[in-house]
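Biologist: I have just opened this one and would like a guided look at its side-chain contacts. Could you take me through them step by step?

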Amino acid sequence: MENTKGNLAEIASLSEVNRSLNVPKDGTWFRKFLAFAGPGYMVAVGYMDPGNWATDIAGGSQFGYTLLSVILISNLMAILLQALSGKLGIATGKDLAQMCREAYSRPVAIGLWLLCEIAIAAMDLAEVIGSAIALKLLFGIPLLYGVLITAFDVMLILLLQNKGFRALETLVIVLMATIAGCFGINLILAQPQWSGVLGGFVPDSQILTNPSMLYIAIGIMGATVMPHNLYLHSSIVQTRKFEQTSAGKREAIKFATWDSSIALMFALFINAAILIVAAAVFHTAGKTDVAEISDAYYLLSPLLGTTLASILFGVALLASGQNSTITGTLAGQIVMEGFLSLRLAPWLRRLVTRLIAIIPAVIVTAIAGEKGAEELLVLSQVILSIQLPFAIIPLLIFTSDKKRMGEFANKTWQKVLAWIVTAVIIVLNVVLIVQMISGH
């Protein structure tokens, strides 16, 4: 699929902000790094969304610190995959969705698009329900009204993009710092057993042999390595106006990889903090059945002896939901444009991507109520995990292809490592599906 230079702007990923942020040609290493810093934090948002909260709380309350190793391994997998995603966007000038449309037949591309939309709907279901739960816990707003409010809030926030992409990145970083601050204080209040925490980062064989532990472990993995983030990252790294030379691209890949790796370490801290607080407060008190966000909110204050713990928890949850809806809506835009080459007015495009996600959330909340909605949080993360291979495999094929990537194609060690990660995810998903079908 050849494109002439004349219509390059028209087909550029997120064309309204593509190459809109200048990178200094001269200056210190640190100045250049700061110019590239930002997209990694937008990607990291997906690694600490309300879906993660549900799986982390369930894992911590049921199994103590044991599943910390799963969070660590998932995060290391995410760092590798996001680095490849950023590299794809910088080296080719196309995002993952555009590459799929170019490389595969129309039926295959449409199939991959539909799978990706299901994943985005599952993720957004988690964000919407998470934000609605936070509004209910903090302000007493009924869950269904909360879901409807979240349908409009992201539209207002995304108006910030008109002030430039940097404004959107800044908002995301401020919200992320809020979440980290709230959980940092709750960690101090929870007084975890630090030797147990360190032990939890060492993998335990019972994670594979205990079916209920494996179910939550796969949920954590699905909540951590997010399929939509691979599409998102390959697009938003192109908002930087770097030199389109071999040296310029190499430097851009280096800084983008640093950016996403550092940001994902923040996500590791927040995810680990959620599980550690759940383990230290609930598991230690013998409350091993706390799997729902609202239960955690109501139990934190009496068990820690201060209402501050619950308020901080609620504020962090609201910040998490808001952050994730911003990046989720952006990912929906990238996926729809990339796979379908569908160009809509920005406001209409956002409305469509929002409605695709909001309609299932409204139906589920109206029919199943609060308990059903919260149970769906963990299931939504399992759906994401099952969809992952359909995003990862094309990413690995494209980034290993010398015709497409030239000198930036994956080295042998990267290929081996990436395929091992993919194989682990696929095997765990097959085990999970077998367990779900057999009812174990």
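Biologist: To start, which residues are linked with Arg 166 in a network of salt bridges?

Modeller: Arg 166, Glu 169 and Arg 240 are joined in such a network, where a salt bridge is a side-chain nitrogen of Lys or Arg within 4 Å of a carboxyl oxygen of Asp or Glu. Please keep in mind that this is a predicted model, in which local features need pLDDT of at least 70 and side-chain atom pairs count only at pLDDT 80 or more, while totals for chains, interfaces and linings use all residues. Residues are numbered from 1 along each chain as its sequence is written, and side-chain values use heavy atoms, with hydrogens and water left out.

Biologist: How many salt bridges does the count come to?

Modeller: The count comes to 7 salt bridges.

Biologist: What does Lys 32 form a salt bridge with?

Modeller: Lys 32 forms one with Glu 251, and their closest N and O atoms are 3.2 Å apart. Lys 32 belongs to helix α2 (residues 29-36) and Glu 251 to helix α14 (residues 246-283), so the pair ties together parts that are 219 residues apart in sequence. Helices here are DSSP runs (H or I, at least four residues), numbered from the N terminus.

Biologist: And is Lys 32 buried or exposed?

Modeller: Lys 32 is buried, at a relative accessible area of 12%, whereas Glu 251 is partly exposed at 27%. Buried means under 20% relative accessible area, exposed over 50%, and partly exposed in between, with a 1.4 Å probe and protein chains only.

Biologist: Which residue forms a salt bridge with Arg 250?

Modeller: That is Glu 407, with the closest N and O atoms 2.5 Å apart. Glu 407 lies in the loop between α19 (402-405) and α20 (412-438) and Arg 250 in helix α14, so this pair ties together parts that are 157 residues apart in sequence. Glu 407 is partly exposed at 48% relative accessibility, and Arg 250 is partly exposed at 43%.

Biologist: Switching to rings, how many aromatic pairs are found in the whole structure?

Modeller: The search finds 12 aromatic pairs. Rings of Phe, Tyr and Trp (its six-membered ring) pair if their centres lie within 6.5 Å, and planes under 30 degrees apart count as stacked, over 60 as edge-to-face and the rest as tilted. One of them is the stacked pair of Phe 36 and Phe 255, at 5.6 Å centre to centre with 25° between the planes. Phe 36 sits in helix α2 and Phe 255 in helix α14, so this pair ties together parts that are 219 residues apart in sequence, and both Phe 36 and Phe 255 are buried.

Biologist: Why is the pair of Trp 53 and Phe 313 edge-to-face?

Modeller: The ring centres of Trp 53 and Phe 313 are 5.2 Å apart and the planes are at 70°, so the pair counts as edge-to-face. It links distant parts of the chain, with Trp 53 in helix α4 (residues 50-63) and Phe 313 in helix α16 (residues 307-340), 260 residues apart. Trp 53 is buried at 0% relative accessible area, and Phe 313 is buried at 3%.

Biologist: Which residues do ring pairs link into a cluster?

Modeller: The cluster holds Trp 29, Phe 33, Phe 36, Phe 242 and Phe 255.

Biologist: Where does the charged end of Lys 254 sit?

Modeller: The charged end of Lys 254 sits over the ring of Phe 255, 5.0 Å from its centre, and Arg 19 lies over the face of Phe 242, at 5.8 Å from the ring centre. A charge sits over a ring if NZ of Lys or CZ of Arg is within 6 Å of the ring centre and within 35 degrees of the ring normal.

Definitions and conventions. Helices (H or I, at least four residues) and strands (E, at least two) are DSSP runs, numbered from the N terminus.
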